[in-house]
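Please read it alongside the sequence and the structure.

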Amino acid sequence: MKSPEDVLKEAILMEKRGQALYNEVSHKSPDPDVKRIFSLMAEEEAMHAAFLSEQLKSFLKNKNFVKLDLKEEVSTLTELIINTNLKDKIEAASFEGAAISAAIELETKSIEVYKKQAKEAIDPHIKEMFEYLARWENTHYEILLKLDEQLKEKIWFSNEFWPF
């Protein structure tokens with residue numbers, strides 16, 4: 001079992017990698033709506049990394065986390081993706097499509113790490129913290145997965161992969 005501080009260090013690195021990926025997609029995409037979505041996702045990853053850094057500092061100093069205000073994060077990304085018709089602006093086999101697929105893997109890894117740590121935690125506060133983080137990352141995962149499914153469906157229709 002990894003220590004909470006080791007998991008937090010790993011989590012901060014995962015968030016920074018996600019941020020770098022989203023920033024790269026934002027900078028390279030020619031479409032302003034795609035740029036905006038990925039820029040917003042990069043900002044959220046930066047906020048996650050800052051939050052985790054504060055938790056790490058607290059844990060190293062006090063062997064406890066900063067008290068959580070356990071309001072679930074409400075992401076505006078889902079609404080923004082729907083309103084911008086993002087699926088019509090991204091090709092499944094494009095750089096942006098590949099980045100979405102890579103981002104799904106990053107989010108999946110984060111969720112797995114947090115769930116495992118929550119399951120193994122003895123301290124109820126540590127357990128609560130990692131359960132919260134797993135739900136937090138699941139928000140991005142669900143958004144990205146839905147977008148990826150829409151992109152796949154779009155390419156299936158345009159290439160007549162359907163058997164009917």
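Angles under 35 degrees count as roughly parallel, over 145 as roughly antiparallel, 65 to 115 as roughly perpendicular and the rest as oblique. The model is predicted, so that local features need pLDDT of at least 70 and side-chain atom pairs count only at pLDDT 80 or more, while totals for chains, interfaces and linings use all residues. Residues are numbered from 1 along each chain as its sequence is written, and side-chain values use heavy atoms, with hydrogens and water left out.

**Helix packing**

- Helices (DSSP runs of H or I, at least four residues) are numbered from the N terminus.
- Axes are lines fitted to C-alpha atoms, for helices over the stretch in contact, and angles run from 0 to 180 degrees between N-to-C directions.
- Helix α1 (residues 4–28) packs with helix α2 (residues 32–62) at an angle of about 160°, and their axes are 8 Å apart; α1 and α2 are therefore roughly antiparallel.
- The contact of α1 with α2 comprises 15 nonpolar, 9 polar and 6 charged residues, where Ala, Val, Leu, Ile, Met, Phe, Trp, Tyr, Cys and Pro count as nonpolar, Asp, Glu, Lys and Arg as charged, and the others, Gly among them, as polar.
- The crossing of α1 and α2 is left-handed, a term for a near helix turned anticlockwise from the far one by less than a right angle.
- Between α1 and α4 the packing angle is about 165° and the axes are 10 Å apart, so α1 and α4 are roughly antiparallel.
- In the contact of α1 with α4 there are 14 nonpolar, 3 polar and 8 charged residues.
- α1 passes α4 in a left-handed crossing.
- For α2 and α4, the angle is about 20° with axes 13 Å apart, and these helices are therefore roughly parallel.
- The crossing of α2 and α4 is also left-handed.

**Salt bridges**

- The structure holds 7 salt bridges (a side-chain nitrogen of Lys or Arg within 4 Å of a carboxyl oxygen of Asp or Glu).

**Aromatic contacts**

- There are 7 aromatic pairs in the structure, a pair being rings of Phe, Tyr or Trp (its six-membered ring) whose centres lie within 6.5 Å.
- F59, F65, Y114 and F130 form one aromatic cluster.
- K28 lies over the face of F95, at 5.3 Å from the ring centre; a charge sits over a ring if NZ of Lys or CZ of Arg is within 6 Å of the ring centre and within 35 degrees of the ring normal.

**Backbone**

- K63 is placed in the loop between α2 and α3 (77–84).
- K63 has a positive phi of about 60° although it is not a glycine.

Methods
Helix = DSSP H or I, 4+ residues; strand = E, 2+ residues; numbered from the N terminus. Phe/Tyr/Trp six-rings, centres within 6.5 Å; stacked < 30°, edge-to-face > 60°.
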